[in-house]
Amino acid sequence: MTRRRILGLFSWIALLVFAVMLGVVYLVLSLDHQTAHYFDRLLQTVLAAPLIAYLGVAAIVVAGIASLVISVDLRMQQNQMSKRLTLLAVGQYEAPLLAKQKQATTTLGPEIATTLETLRQKMIRLQREIQRYSNVPVRVSGESKEEILEQERHRLARELHDSVSQQLFAAMMMLSALSSVVTQQDPDSTYLSQLSTIESVINEAQAEMRALLLHLRPTNLEGKSLKDGIISLLKELQTKIKIEINWNLEDVHLDAAVEDNLFRIVQELLSNTLRHAKAKSLEVYLKQVDQNVILRVVDDGVGFDVKTANENGSYGLQNIQERATSIGGTAKVISFKNQGTSIEVRVPVTKDVGK
């Protein structure tokens, strides 16, 4: 029997005792007049108040205490339920609180505790199935989808580097030479401001091109660990733009497809930083906390309105969310204008459970 049922039973017993007392009083008063007169005097001698009033107050107090305790118990039950459901919703299936089955049975009752545990095990199995499925390549005409995308990325990167990137570089060199000539011939020429504007546009185009080339890098780790792959990306980013980068990366080990997706998420985030953030510093963290691998990328750039970006269907954010979901994880984005951006991806490291 649960604590709530015991308290409810106690409250009903208190009210029953009060009803019995009232019945006894009624029977006594219904006797002969002499006994009724004597009992009436007895009621008036107890602290100048009828005894029946004290009986009623006592019963009300007992019922009130029982109701208060039941209310507190219900609140505790609600809090426990809310905490456990929240942990399940964010994918922390191995959290210590969820493992406390005895506490759940005591607080929530055996039926609810068993249902929550069954739900937890089903979600763990679903998580493992999602990760296994992500390891299975999708084949089209004998080639996997990943191989086709990889070949196309290499082709686009090669063509962009050999044509557009080289042309932009040549245009910048010619523009610099032209600016030098104009400055020497006429330092006060009105053309200098126009040349400066053109130079700014070409610089932005080069930054976009560098971001695209970074984005078109290989989509998998190519035999590297996740830690080494991320460090390689960060060092490459430092060669493309002037930015202070700090990282704290643990050597975590996950399924190959999970690591490839996390690597691709970092690649996407770095590409966005290069193109849009205008950040001066960047921090990247990768660590395992309990049964979760956490990837966090923080910059001090211009930031953006997350709500507006979601409503407008931002491709970058949507892509990150989809990749996190595809490996059974979650992505949380926090950003404010002119205050930078923080993106955290959390992937549960679940253990196989019995079917």
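What follows is a set of questions and answers about a predicted model.

Biologist: How many helices and strands does the chain have?

Modeller: The chain is 355 residues long, and 36% of them count as buried. Its accessible surface comes to about 21700 Å², with 58% belonging to carbon and sulfur atoms. As for secondary structure, the count is 12 helices and seven strands.

Biologist: Which residues have the most contacts inside the largest nonpolar core?

Modeller: The largest nonpolar core has 40 residues. Its largest share, nine residues, comes from helix α10, residues 256-277. Apart from this core lies another of 11 residues, among them Leu 87, Leu 88, Tyr 93 and Leu 97. Inside the largest core, the residues with the most contacts are Leu 262 and Leu 282.

Biologist: Which residues does Leu 282 touch, not counting residues up to four places away in sequence?

Modeller: The residues touched by Leu 282 include Leu 234, Leu 237, Ile 243, Glu 244, Ile 245 and Asn 246. Also touched are Leu 270, Thr 273, Val 297, Val 298 and Asp 299.

Biologist: Which helix gives the most to the lining of the largest cavity?

Modeller: The search finds two cavities of 30 Å³ or more, and about 60 Å³ of space lies in the largest. That cavity is lined by Arg 84, Leu 98, Gln 101, Ala 104, Ala 113, Leu 116, Glu 117 and Arg 120. Helices α5 (101-108) and α6 (110-134) each supply at least two of the lining residues. With four residues, the helix that gives the most is α6.

Biologist: How many charged residues are in the lining of the largest cavity?

Modeller: The lining includes Arg 84, Glu 117 and Arg 120. By class, the lining has four nonpolar residues and one polar residue, and the number of charged ones is three.

Biologist: Is Asn 292 buried or exposed?

Modeller: Asn 292 is found in strand β5, residues 292-299. Beyond four places in sequence, Asn 292 is in contact with Gly 91, Gln 92, Lys 287, Arg 346, Val 347, Pro 348 and Val 349. Its relative accessibility is 4%, and the cut-off is under 20%, so Asn 292 counts as buried.

Biologist: Why does Glu 94 count as partly exposed?

Modeller: Glu 94 lies in the loop between α3 (51-89) and α4 (96-99). Partly exposed covers the range between the buried cut-off, under 20%, and the exposed one, over 50%. Glu 94 counts as partly exposed because its relative accessibility is 24%.

Biologist: What is the phi of Asp 290?

Modeller: Most residues other than glycine have a negative phi. Asp 290 lies in the loop between β4 (281-289) and β5, and counts as exposed at 59% relative accessibility. Its phi is positive, near 55 degrees.

Biologist: Where is Asn 338 found?

Modeller: Asn 338 has a positive phi of about 65 degrees although it is not a glycine. Asn 338 is exposed, with a relative accessible area of 67%. Its place is the loop between β6 (330-335) and β7 (341-348).

Technical notes:
Residues are numbered from 1 along each chain as its sequence is written. This is a predicted model: local features need pLDDT of at least 70, side-chain atom pairs count only at pLDDT 80 or more; totals for chains, interfaces and linings use all residues. Side-chain values use heavy atoms; hydrogens and water are left out. A nonpolar core is a set of buried Ala, Val, Leu, Ile, Met, Phe, Trp, Tyr and Cys residues joined through side-chain atoms within 4.5 Å. Buried means under 20% relative accessible area, exposed over 50%, partly exposed in between (1.4 Å probe, protein chains only). Contact means heavy atoms within 4.5 Å. On a 1 Å grid over the protein atoms alone, a cavity is a set of points where a 1.4 Å probe fits but cannot get out, and a pocket is an open set with protein on both sides within 12 Å along at least five of seven lines; lining residues have an atom within 4 Å of a point. Grid points are joined across faces, edges and corners, and a volume is the space filled by probe spheres set on the points. Ala, Val, Leu, Ile, Met, Phe, Trp, Tyr, Cys and Pro count as nonpolar, Asp, Glu, Lys and Arg as charged, and the others, Gly among them, as polar. Accessible areas come from the Shrake-Rupley method with a 1.4 Å probe; for residues, only the protein chains shown count as cover.
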